[in-house]
Amino acid sequence: MIRDNYMLDMARGAWLGLSGLRARRRRFKAFTYGRQWGDTCRLPDGRIVSEEQRISEEGRIPVTNNIIRQTVKSIIGRYRYMCTPSGSESDAETPGRIDTGLTTGSVSEEDARALEEFLISGCAVQRLERGRVENISPERVFFHEFRDTECKDLRMVGILHDMSPADAVRRFSKGSSRKAREVKLACARAGQGAAAGSRFGRQASFNEPELPDTWRVIEIWRLTPREILKVHDPFKGGCYREHPDALERLEGLNRARRECDSALLEWRHEVEESWEVTWLTPKGDVLLQGEAETCPIVMKLYPLIDGEVHSLVEDVIDQQKYVNRLISMLDHIISSSAKGVLLYPADQLPDGFTWKDLRRIWSNPMGILPYKRTSKTVVPQQVHSNGATGSGATEMLKMQLQLFDEISGATGALRGKPSAATGEGMLRAELENSTISMLDVLAAFRQFVIRRDELLKITD
């Protein structure tokens, strides 16, 4: 079995070049699914800790109110609703079922999950094989940099696969016992097999599989130039292609035709590009190579301005963090101002009681401040505060929630909240305005689905 270290190094270089994109995606995904206190910060003493640890050390509880997840689910639900064919004319006039050019068919589960990934990371990647569509995580994809929004200038793309030994041998041996032994030996040289530990939920690795009892296999598609001779045969009335090495043979045929006074062959030297696929082990052993008319990997990166990817979730993370901070602050203020600080005369402590006992009875997080009274009329008293209302945190929270809706574009009408609109016309106008703010994202994803369906017909 041959090795292709050049192809392996090229794939690894493309993988490492996308480390920043994968790191940002992991952060966006964590925020979407509720892990929103993981960002690091520097304390006054110089320590770098997570925001969750910092707020815990301050004696507060990190509260999470996940608005991002609800927004993502609402947009997916709206997309499913808009793309589902209406059953009758009256259904088509229902407020919310808007003619946006998206109502072309029902949404499959694969496309719904691809849209969820698209909203989280700005990336949608699918692989087509035998009429089947498979969603691919951006954690497993690598490619060379490109600029066209429809990936027309994409020249190299690859996927990291975790294959079971049976699937790998079946796929790459092609029914040959000798080839099956070579595949198993190549994977054994890569240090894979049943002993591979589970990496599920961790950061993806280029060499190691995430799932146990699987082999890591690297699929690389590369657009390569091919020199050809386009030959026209006037005698037979057809055109065909030949390899440049056939030039001498074609000239010999023309010499023979001149002697017979027959129509001569005509040819033209051209260079065209075709897709070449290579399957490698992490050690560079070539499991399989071949050519194909099209690449079965379909991608959409949004918005791809100057090659940059920015998702919907990225736009609202700062508002989500600030909402969490304000809610945590309000929770602390309310809990601290429920009873206030107890002023208790030191000489009035009951017999057999310690301050610890009294503090436990009074309950946390309230404190007890012992003092010596100057008059017999002084009795224990409680200090109240209206910190929850006087601090302005409540008004700030309302403002941040409004900003979240405006920045995300997923207003209350889009998320199915009760509306103040009266009449069908006003409700329809409100829904249309809400949908227009999301139309660019949804239409971009819809173009990805249309391009995928066109390619699916070719590869089927």
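Asp-39 is buried, at a relative accessible area of 15%; here buried means under 20% relative accessible area, exposed over 50%, and partly exposed in between (1.4 Å probe, protein chains only). This is a predicted model, in which local features need pLDDT of at least 70 and side-chain atom pairs count only at pLDDT 80 or more, while totals for chains, interfaces and linings use all residues. Residues are numbered from 1 along each chain as its sequence is written, and side-chain values use heavy atoms, with hydrogens and water left out.

The side chain of Asp-39 meets that of Arg-27 in a salt bridge of 2.9 Å, N to O; the term denotes a side-chain nitrogen of Lys or Arg within 4 Å of a carboxyl oxygen of Asp or Glu. Because Asp-39 lies in the loop between α2 (19-32) and β1 (40-42) and Arg-27 in helix α2, the pair ties together parts that are 12 residues apart in sequence. Helices (H or I, at least four residues) and strands (E, at least two) are DSSP runs, numbered from the N terminus. Arg-27 is partly exposed, with 32% relative accessibility.

## Further salt bridges

In total, the structure contains 39 salt bridges. One of them joins Glu-145 to Arg-147, with the closest N and O atoms 2.6 Å apart. Glu-145 is exposed, at 62% relative accessibility, whereas Arg-147 is partly exposed, at 42%.

Asp-285 and Arg-189 also form a salt bridge, their closest N and O atoms being 3.4 Å apart. This pair links distant parts of the chain, 96 residues apart: Asp-285 belongs to the loop between β9 (266-280) and β10 (286-292), and Arg-189 to helix α8 (residues 177-189). Asp-285 is buried, with a relative accessibility of 0%, while Arg-189 is partly exposed, at 41%.

## A nonpolar surface patch

Tyr-322, Met-396 and Met-399 make a nonpolar surface patch of about 240 Å². Patches consist of residues with over 30% relative accessible area and no salt bridge; like charges are joined within 9 Å, and nonpolar side chains (Val, Leu, Ile, Met, Phe, Trp, Tyr) within 5 Å. Accessible areas come from the Shrake-Rupley method with a 1.4 Å probe, and for residues only the protein chains shown count as cover.

Met-399 is located in helix α13 (residues 393-408) and is partly exposed, with a relative accessible area of 38%.
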